[in-house]
Amino acid sequence: MPVGLNTGDSAWVLVSTAMVLLMTPGLAFFYGGMVRAKNVFSMVFMSFVSISIVTIIWFGYGYGLAFGKDAGGLGLIGWGDFRFANILPSDLTGRVPKYAYALFQLTFAIITVALISGSVAGRTRVGPWMVFSLLWSTFVYSPVAHWVFDRTGWINKMGTLDFAGGLVVELNSGMAGLALAIALGPGIRYRRREPPEPSNIPMVMIGLALLWFGWFGFNGGSALADGKVAVNAFANTFIAGCSGMLTWMAVEWFRKRRLSKLGSGTGAVAGLVAITPSCAYVNVEGAFAIGIFAALLCSFAVQWKFVLGYDDTLDVVGVHGVGGIVGLLALGFFSTGFLGRAGLFYGGGGALLGRQVLAILAVMFYTFVVTYLIGKLVDRTLRLKETEEEQLAGSDLQFGTE
């Protein structure tokens, strides 16, 4: 047994990896139930195909770009040891095998790509989407993961707090969704202001159940140990999801005196998104408040697309982008100092909040610009966006009957 290996921690990370991987099929159900019946399979397929594409990239060079030796000491990108095959089963990250850590991080990369597909649901050709996924994973996800998750990354060294991916997964996917939606332009149903027609609400709720289950591994597993940090993250994840769900339902009731079919699920996701970066740094009271604030702000943010004119079909920007920002900024106020720095409400100064703002702006700018360029490139060369006729007929016609 390698010196320093902890089998209990290793088991928890492996279980968490499986839980987070299950989130992508959960997202497939969640998204699939929200679109029209003639777009269900293409929506589900774009999530599932992300598993294969991102995994092969990760084994080839993605892990090296994200967690390899920093290039030039600038904290911008990993370099060297590109191939996953260069890792030995006996190599450790902390007290767990590096294999386990690399696979755990892989599941984050997979679901981030899958999340983006919701912003362009019902108007994207699957083949070009696969090319977009490859390029985006290479030029956006891996660099941002290096900045935040790797100890040599510039955001990490700056002292920004992000426990489980508020910058890397949530804000990253939200800004990518915004950039891609703008690059491709609105779909025909958005231009006609046709109301959404969810095909299967029970399918959405099954997807939510799988997402929520996996989120415990997403946040708790990021502790890389089965001790008090994981327990704190686990409990806060539970509470924020519940307060987010109930708050969204309350907002709908006060607005319209009725509850929507999707509101409770969307509210839960908003709370879970916002607690992701802060789950290990706040207490249960902070988690409860974060879930409330996230649901309130996200419930208004999903309406921005009609004011600003971008077609974010399944509200990736309004929920994941804005929810991620809420969770990251909340650390500047609610961080207890249990790990790292304390926020304003717990005796800390404003320095932490300033670092959080700087990191948010940096990721927003980089992700938006590079994603927009990739989206335009793939659309012009491979025609990423469906024609109006294809959109009306349904994306599932891209596939045969097998």
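Are α2 and α4 roughly parallel or oblique to each other? Their axes come within 9 Å and cross at roughly 45 degrees, and therefore α2 and α4 are oblique to each other. Angles under 35 degrees count as roughly parallel, over 145 as roughly antiparallel, 65 to 115 as roughly perpendicular, and the rest as oblique. Before going on, note that this is a predicted model, where local features need pLDDT of at least 70, side-chain atom pairs count only at pLDDT 80 or more, and totals for chains, interfaces and linings use all residues. Residues are numbered from 1 along each chain as its sequence is written, and side-chain values use heavy atoms, with hydrogens and water left out.

The crossing of α2 and α4 is right-handed (the near helix is turned clockwise from the far one by less than a right angle). Sorted by class, the α2 contact with α4 has 18 nonpolar, eight polar and no charged residues. Here Ala, Val, Leu, Ile, Met, Phe, Trp, Tyr, Cys and Pro count as nonpolar, Asp, Glu, Lys and Arg as charged, and the others, Gly among them, as polar.

On to a second pair: α10 (residues 263-275) packs with α13 (residues 316-334) at about 45 degrees, their axes 7 Å apart. That makes α10 oblique to α13, and this crossing is right-handed. In α10, T266, V269, A270, V273 and A274 meet V319, H320, G323, G324, V326 and G327 of α13, where contact means heavy atoms within 4.5 Å.

Now for the spaces. On a 1 Å grid over the protein atoms alone, a cavity is a set of points where a 1.4 Å probe fits but cannot get out, while a pocket is an open set with protein on both sides within 12 Å along at least five of seven lines; lining residues have an atom within 4 Å of a point.

| Space | Volume | Lining by class |
|---|---|---|
| Largest cavity | About 30 Å³ | five nonpolar, two polar, no charged |
| Second largest pocket | About 940 Å³ | 18 nonpolar, 10 polar, six charged |

As for the second largest pocket, 34 residues line it, and Y101, F149, R151, N156 and L224 lie nearest its centre. α3 (98-116) gives the most to this lining, with five residues.

Key. Points joined across faces, edges and corners; volume = space filled by probe spheres on them. Helix = DSSP H or I, 4+ residues; strand = E, 2+ residues; numbered from the N terminus. Axes fitted to C-alpha atoms, helices over the stretch in contact; angles between N-to-C directions.
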